[in-house]
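Let's take a walk through a protein together. Have a look at the picture first, then read on.

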Amino acid sequence: MKHGKWILSLAIVAMAAVGVIAEARAQEGPPTPGGPADDPRERPDQFRKQAESRMKESLGATDDEWTALQPKIEKVQALQRATRGGRGMMTGPGGPPAAGGGPGGPGGRGGPGGPRGDQPDANQRPQSEVEKKAESLQKTLENKDAKPDDVKAALAAYRDARAKAREELEKAQKDLKELLTTRQEAQMVMMGVLE
C-alpha cells in the first residue's frame, strides 16, 4: 500500500514538473546557442512521452484504453490551463517577466525575440480565449486614460471567457470520467486532472 502511494506521489510530482518546465520553456524563448546538449527545451516531446508513460502506468491502462483516454486527458488539461489564463499575474497574463526584460522589453514575452515579439517561437502554444481576454483586460488597466466603461467591458469579456472555459472543462471532465474505472478516477483526482 505504501509503495503504491509512493508511486502515485512520484507520478504527481513528475506531472507537475513537466507542467512547470513546459510553462517556463514557453516564457524563456528559444535555447541559447552553445547551451548544454541536454537542454530540456530541446526535448519537449521526450518529457511529454515520459509523463504520459508514467500516467498510463499509474492508471494501469492497457494500450487500447490509453488510446481512448489520452486525447480526453489532454483536452481536460488544456481546458484547465485555459481557465487559469491570466489569473493572479501582476505583470500581465503572460506571467512574470523573463530575465533581462519585462513583458515589452528585450527577452520579455512581448519584446523583440520573445515568444510574442517579431520573431515567433515555433514551440509557443496558441493563446486560449481566456488568455486573450486577460491580455486585453491587462492592456485596458495599463491605460491610465481608460474609461470606466472600457474597464467594465474588458472585465465582463474576461469573466465570460472564463465561465465558458469552465463549462467546457466540466463537460470534458465528465466525458473522461465515463471511460474510467473507479480506481482510475481516483488516480485522476489525485493527479489534479479531475475534481
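In what order do the elements of the protein run from the N terminus on? They go α-α-α-α-α-α, and the count is six helices and zero strands. Keep in mind that you're looking at a predicted model.

Now for the chain as a whole. The protein has 195 residues, and 32% of them count as buried. What about contacts? Take the ones with a separation of 6 or more: 52% of these come from residues 24 or more positions apart.

Let's zoom in on one residue, A61. You'll find A61 in the loop between α2 (44-59) and α3 (63-84). Is A61 buried or exposed? Its relative accessible area is 10%, and buried means under 20%, so A61 counts as buried. Leaving aside residues up to four places away in sequence, A61 touches K56, W66, L69 and Q184. There's also T181 to look for: A61 and T181 are 120 residues apart in sequence, yet their C-alpha atoms are 9.9 Å apart in space.

Finally, head for the end of the chain. E195 sits in the segment after α6 (182-190). With a relative accessible area of 75%, where exposed means over 50%, E195 is exposed. Which residues form a negative surface patch? E195 is one of them, together with E167, E168 and E170.

Methods: Residues are numbered from 1 along each chain as its sequence is written. This is a predicted model: local features need pLDDT of at least 70, side-chain atom pairs count only at pLDDT 80 or more; totals for chains, interfaces and linings use all residues. Side-chain values use heavy atoms; hydrogens and water are left out. Helices (H or I, at least four residues) and strands (E, at least two) are DSSP runs, numbered from the N terminus. Buried means under 20% relative accessible area, exposed over 50%, partly exposed in between (1.4 Å probe, protein chains only). Contact means heavy atoms within 4.5 Å. Patches are made of residues with over 30% relative accessible area and no salt bridge: like charges are joined within 9 Å, nonpolar side chains (Val, Leu, Ile, Met, Phe, Trp, Tyr) within 5 Å. Accessible areas come from the Shrake-Rupley method with a 1.4 Å probe; for residues, only the protein chains shown count as cover. A salt bridge is a side-chain nitrogen of Lys or Arg within 4 Å of a carboxyl oxygen of Asp or Glu. Lys and Arg count as positive and Asp and Glu as negative; His and the chain ends are not counted. The place of a charge is taken as NZ of Lys, CZ of Arg, CG of Asp or CD of Glu.
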